[in-house]
Structure formats: structure tokens, C-alpha cells
Amino acid sequence: NFATLGESVGGGYLHPLLKVRAEFRKILMEMGFHEMPTNKWVESSFWNFDSLFQPQSHPARDAHDTFFIKEPAQTVSVPEEYYERVKTMHEVGGSGSIGYRYDFKREEAFKNLLRTHTTAISSQMLYKLANQEGGFKPARYFSIDRVFRNETMDATHLCEFHQVEGLVADYNLSLGDLIGTIETFFRKIGITKLRFKPAFNPYTEPSMEIFGYHP
């Protein structure tokens, strides 16, 4: 009987990671964030480390922690004017910093790698925001994507994982604005008991750790 309907075929289910990603993406868009273009896993050391003012001698830049690309081993170009400003900040400092006091190496900055954090994209977005036509305009951006670390794999570690990241660029922001943004996000995923603890990170100031409790 060719007119009889067949059995309905299910379309499968979302992977748990994709379900979490979809939920987080919806929440962040509700909060006024726009998604960053993160579909680029290979980055230069300049955007991944240097532009975030991580010194070129930092242990995270060692092959034991980061996957460096053999071919092509080096990036083609970075914005030269910005490269010089970042180089100067590393070597002699500025804006109240004394810098790291070492010789900044171009060949180190141009090394290609599998990005170790999506902050490599955030640094590029901040650069574009600062240099857009018509002057700076406040913006909110987020990303949820894959990052890579040269980890020893075990029950709790893989050499890749997903990172959720956001940035807010505006005038007269305070630590209170950051805390409020994070509280709003956690509340939307059902976690209301939070504790904020001061922390030290050499390339973010001020820094915090956030602890959330869920019964």
C-alpha cells in the first residue's frame, strides 16, 4: 500500500555540549551581547599572547603547554603600528607600567599556534573597536568555542575544551559592573548563591575568582 505512512524517523538529539552552548548563547544575546567570529583555531602568538601582555618568556608559551604549528610556522602579518605599540609596552612600558624590560622578538610574536584561549579573538575585537571609523562606540561581545592546550590526557583533562568568554567596552565601567554582569548570567542559569574572591592575574587587573553553589 503505497499510500500508507511509514514509521516516523526521529531526527536525533543535540550533543550535551551543543545544548549548553545554545542555552548560554541565548542568555548572552538576551543580555545585549553580540557573537564574535571565532571560527579560526590557528592564531599568531602576537594575538594569542603578546597583545594580552603575556611576556615572551612565560611558561605557558612553551611547547609543553601550547601546540605550535609546523606548517605554516609563522603568520603573514599583524598591524605594524599596533605591533610597535605592543612591543614598546613589553620592553619599556607606558601608561603607568614599567614593562617587562626585555628584548621583544618579532620571530616569537609571529609563531603560529592552536589558540590557547578565545581571548585571542577578544584582543582583535578590542583593537577593531578602538580603530573603527567614526570613533569608539560602546559594545558587548561574547564567544563560545574550542581552545587547545598541550595537556596530558586523563579522566578530567583533554587537549581541547570549550571556553565561554565575554567583553564589555564602555566608558566609566567599574568592578561593580563586572560583578553585576556575572551575577545576571549565573542567575539566568539558575545559580544564585555566588561568592566573589579577589585573585591575582598579571595581565588582568583587578581580577576575581567566582564560586557558585547549586544544591
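Because the model is predicted, local features are reported only where pLDDT is at least 70 and side-chain atom pairs only at pLDDT 80 or more, whereas totals for chains, interfaces and linings use all residues. Residues are numbered from 1 along each chain as its sequence is written, and side-chain values rest on heavy atoms, with hydrogens and water left out.

The protein contains 6 helices and 7 strands, where helices (H or I, at least four residues) and strands (E, at least two) are DSSP runs numbered from the N terminus. Along the sequence these elements follow the pattern α-β-β-α-α-α-β-α-β-β-α-β-β. The C-alpha atoms fill a box of roughly 80 × 45 × 45 Å, taken along the principal axes. Of the 215 residues in the protein, 31% are buried; here buried stands for under 20% relative accessible area, exposed for over 50% and partly exposed for values in between, computed with a 1.4 Å probe and protein chains only.

An open sheet is formed by 3 strands in the order β1-β4-β5, with mixed pairing, two strands being taken as paired if DSSP finds at least two bridges between them. The edge strands are β1 (34-35) and β5, each of which pairs on one side only. Strands β1 and β4 run parallel and are joined by 2 bridges, in which H34 is partnered by Y141 of β4 and E35 by F142 of β4. Strands β4 and β5, in contrast, run antiparallel and are joined by 10 bridges; A139, for instance, stands opposite A169 in β5. Strand β4 is largely enclosed by the rest of the structure, because 8 of its 10 residues are buried.

Side chains of opposite charge can pair when their charged atoms come close. With a salt bridge defined as a side-chain nitrogen of Lys or Arg within 4 Å of a carboxyl oxygen of Asp or Glu, the count comes to 13 salt bridges. One of these joins R106 and E80, whose closest N and O atoms are 2.5 Å apart. R106 lies in helix α4 (residues 106-109) and E80 in helix α3 (residues 80-91), so this pair ties together parts that are 26 residues apart in sequence. Both ends of the pair are partly exposed, R106 at 36% relative accessibility and E80 at 38%.

E43, which is buried with a relative accessible area of 3%, contacts K40 at 3.5 Å, N to O, and K40 is partly exposed at 37%. E108, buried at 17%, pairs with K111 across 3.2 Å between the closest N and O atoms, while K111 is partly exposed at 32%.

A negative surface patch is formed by D62, D65, E151 and D154. Patches are made of residues with over 30% relative accessible area and no salt bridge, like charges being joined within 9 Å and nonpolar side chains (Val, Leu, Ile, Met, Phe, Trp, Tyr) within 5 Å.

Most residues other than glycine have a negative phi, and most peptide bonds are trans. The peptide bond from E71 to P72 is cis, with omega near -5°, and P72 is placed in the loop between α2 (45-48) and α3. F53, although it is not a glycine, has a positive phi of about 60°; F53 is likewise found in the loop between α2 and α3 and counts as partly exposed at 31% relative accessibility. R101, also not a glycine, has a positive phi of about 60°, but R101 lies in the loop between α3 and α4 and counts as exposed, at 56% relative accessibility.

How values were computed. Accessible areas come from the Shrake-Rupley method with a 1.4 Å probe; for residues, only the protein chains shown count as cover. Lys and Arg count as positive and Asp and Glu as negative; His and the chain ends are not counted. The place of a charge is taken as NZ of Lys, CZ of Arg, CG of Asp or CD of Glu.
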